[in-house]
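Subject: Structure handover

Hello,

Here is the structure for you to look over. My notes on it follow below.

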Amino acid sequence: MVAITAVSLVAVVGLVLDFGGQLRAVERADAVAQEAARVAGQQLDIDRLRSGGGYQVDPAQATSAARAYLASQGVSGDVDFPKYPDLSEISVTTSTTYRTALLGAVGITSLSVQGHGKATLLHGITEGKTG
């Protein structure tokens with residue numbers, strides 16, 4: 001009876017530990033994707049801005065900057081402009097894996113993790129807030 005209970009307890013602890021670790025990995029992937037989108041959003045198309053065309057990112061520079069940030073964090077990902085040809089919104093999706101601690105005993109050595117981040121260019125005051 002004690003042996004069966006001990007094995008069950010170890011299995012439950014392993015599940016909690018590894019799925020909790022996967023949840024932390026998802027939070028990190030989301031944070032990295034959000035930061036990559038922010039970095040991409042800082043790559044403005046200066047020529048368009050100077051000619052009075054408004055605020056938009058330079059897509060090549062934005063993609064390059066976001067990928068460089070993702071690489072510096074050891075994460076792969078994709079950069080997208082969901083409202084193309086309006087380049088005022090950047091979306092980043094990251095992909096990575098979480099190496100399991102105890103689930104490896106049953107053959108599950110890693111769990112897939114994805115993160116999402118979005119940045120939107122805003123200029124000026126868009127909404128008044130009080131308090």
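Which residue in β3 does S95 stand opposite? The residue is Q114. Please keep in mind that this is a predicted model.

**The sheet**

Let me begin with the strands. There is an open sheet of three strands, in the order β1-β2-β3, and the pairing is antiparallel. β1 (76-80) and β3 are the edge strands, each pairing on one side only. On average, neighbouring strands of this sheet are turned by 15 degrees against each other, direction ignored.

Take β2 and β3 next. Strand β2 covers residues 89-99 and pairs with β3 in the antiparallel sense, over eleven bridges. S95 opposite Q114 is a position to look at. T93 opposite H116 in β3 is another.

D80 stands opposite S91 in β2.

Now look at the faces of β3. In a regular strand the side chains alternate between the two faces of the sheet. Strand β3 runs over residues 110-120. Its covered face holds L111, V113, G115, G117 and A119. Its uncovered face holds S110, S112, Q114, H116, K118 and T120.

**The helices**

Helix α1 takes up residues 2-41 and lies across β2 and β3. It runs at about 30 degrees to β3. Helix α3, residues 59-72, packs on the sheet as well, where it touches β1 and β2. The direction of α3 makes about 160 degrees with that of β1.

The two helices also meet each other. Two packed helices are described by the angle between their axes and the distance between the axes. For α1 and α3, the angle is about 145 degrees and the axes are 8 Å apart. Their crossing is right-handed. From α1, the residues in this contact are V32, E35, A36, V39 and A40. They meet A62, A65, A66, Y69 and L70 in α3. Sorted by type, the contact has nine nonpolar residues, no polar ones and one charged.

**The cores**

The largest nonpolar core has 17 residues. Those with the most contacts inside it are V57, V79, F81, I90 and V92. At least two residues of this core come from each of α1, α3 and β2. α1 gives the most, with five residues.

There is also a second, separate core of five residues. A25, Y98, L111 and V113 are among them. L111 and V113 also belong to the covered face of β3.

V92 is worth a click. Leaving out residues up to four places away in sequence, V92 touches A33, A36, A37, L70, D78, V79, G115, H116 and G117. Among these, A36 also takes part in the contact of α1 with α3, and so does L70.

Why does A33 count as buried? Its relative accessibility is 0%, and buried means under 20%. Not counting residues up to four places away in sequence, A33 touches V92, T94, G115, H116 and G117. A33 and S95 are 62 residues apart in sequence, yet 9.4 Å apart in space, C-alpha to C-alpha.

Then try S91, in strand β2. S91 has a relative accessible area of 18%, so S91 is buried too. With residues up to four places away in sequence left out, S91 touches D78, V79, D80, P82, G117 and K118. S91 and A33 are 58 residues apart along the chain, with 8.3 Å between their C-alpha atoms.

**A cis bond**

One last stop is the backbone. Most residues other than glycine have a negative phi, and most peptide bonds are trans. Which form does the peptide bond from Y84 to P85 take, cis or trans? That bond is cis, with omega near 15 degrees. P85 lies in the loop between β1 and β2.

**Where to start**

I would open with the pairing of β2 and β3, which runs over eleven bridges. Then move to α1, which lies across these two strands. After that, go to the contact of α1 with α3, where the axes are 8 Å apart. Finish at the cis bond from Y84 to P85.

Best wishes

Notes. Residues numbered from 1 in each chain as written. Predicted model: local features only at pLDDT ≥ 70, side-chain atom pairs only at ≥ 80, totals over all residues. Heavy atoms only, no water. Buried < 20%, exposed > 50% of the residue type's maximum accessible area, 1.4 Å probe, protein only. Helix = DSSP H or I, 4+ residues; strand = E, 2+ residues; numbered from the N terminus. Pairing = 2+ DSSP bridges. Axes fitted to C-alpha atoms, helices over the stretch in contact; angles between N-to-C directions. Contact = heavy atoms within 4.5 Å. Left-handed = near helix turned anticlockwise from the far one by under 90°. Nonpolar A, V, L, I, M, F, W, Y, C, P; charged D, E, K, R; others polar. Core = buried A, V, L, I, M, F, W, Y, C linked by side-chain atoms within 4.5 Å.
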